[in-house]
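Visitor: I am new to this structure and would like to learn how to read it. Could you show me around?

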Amino acid sequence: MTPEEEKNETDAVQTPPEDPKQAANPEPPQQMDPPPKDEKSRSRPVKVYLTVMFCVALLLLLISFVMQQRNHLALQDLNQSISVSQDVADLQMENQKLQYELKEKEDQAEDLQAQLEKAEKQAQALEWLRRIEAAVRTSYPEARTLVEEFEKTGLESSLPTESVVEGGTAPAEAYRSIYAMLF
C-alpha cells in the first residue's frame, strides 16, 4: 500500500459517521435523488398542453364561424342588389314598351285627327255644294256669288270624288258641272 492510502484508511477509521444511514450508504450527499413525483405532477404539463390546444381549436372554430357569417351576409347583399338591378332592368324594359305603345297611340290619334279634319272639311264642302245647288234653282247671280265665296275657302278640293249612292254623280263632278254652267 502506498502511504497515502494508509493515511486515508486511518482517517476513515478514526472519524465516526455522523448519520447512521450515511454509514450504511456510502454515497456522497451531493448525489441525492430528487423526491419521487406522483402521477398528478407528471401529467400536469400534458393537461396544460391539451387545454391550450382545445382553446386554440375553439378560437379557430369561432374565427371561421365569424368569417362564414360575414361571407353569408355579403352574398345576401349581393343577391339582393342583383335582384334590385334585375327589377330596375325589367322596369326600364316595361317603360320602353309603354313609350313605344304611347308613340303608336299618338300616331293613331294624329291619324284620327287628320281623318276628322278631312271629314269636317268634306262636310263643309258638301254644305256649300248643297247651298250652291239650291241657289242655282232660284237665282244665277246668287249662285255665282256663292261659288266665288266657296272657292275663296279652298274647300272645293275636299269634295268627294266618288258617289255615295251607286250610279249617282260624285259631288266633285256635280260642282264642276255647276261651275261650267255659271261661268
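This is a predicted model: local features need pLDDT of at least 70, side-chain atom pairs count only at pLDDT 80 or more; totals for chains, interfaces and linings use all residues.

Visitor: How many helices and strands does the protein chain have?

Guide: Helices (H or I, at least four residues) and strands (E, at least two) are DSSP runs, numbered from the N terminus. Here the protein chain has five helices and zero strands, giving the pattern α-α-α-α-α along the sequence.

Visitor: How do I describe two packed helices?

Guide: Two packed helices are described by the angle between their axes and the distance between the axes. Axes are lines fitted to C-alpha atoms, for helices over the stretch in contact, and angles run from 0 to 180 degrees between N-to-C directions. In this model, the axes of α4 (residues 140-153) and α5 (residues 171-182) come within 11 Å and cross at roughly 125 degrees. The two helices α4 and α5 are therefore oblique to each other (under 35 degrees is roughly parallel, over 145 roughly antiparallel, 65 to 115 roughly perpendicular, and the rest oblique).

Visitor: Which residues of α4 and α5 make the contact?

Guide: Contact means heavy atoms within 4.5 Å. From α4 come Tyr-140, Ala-143, Arg-144, Val-147, Phe-150 and Glu-151, and from α5 come Tyr-175, Tyr-179, Met-181 and Leu-182.

Visitor: Is Ser-158 buried or exposed?

Guide: Buried means under 20% relative accessible area, exposed over 50%, and partly exposed in between (1.4 Å probe, protein chains only). Ser-158 lies in the loop between α4 and α5 and is buried, at a relative accessible area of 16%. Apart from neighbours within four places in sequence, Ser-158 is in contact with Lys-121, Gln-122 and Ala-125. Across the protein chain, buried residues make up 11% of the 183 residues.

Conventions
Residues are numbered from 1 along each chain as its sequence is written. Side-chain values use heavy atoms; hydrogens and water are left out.
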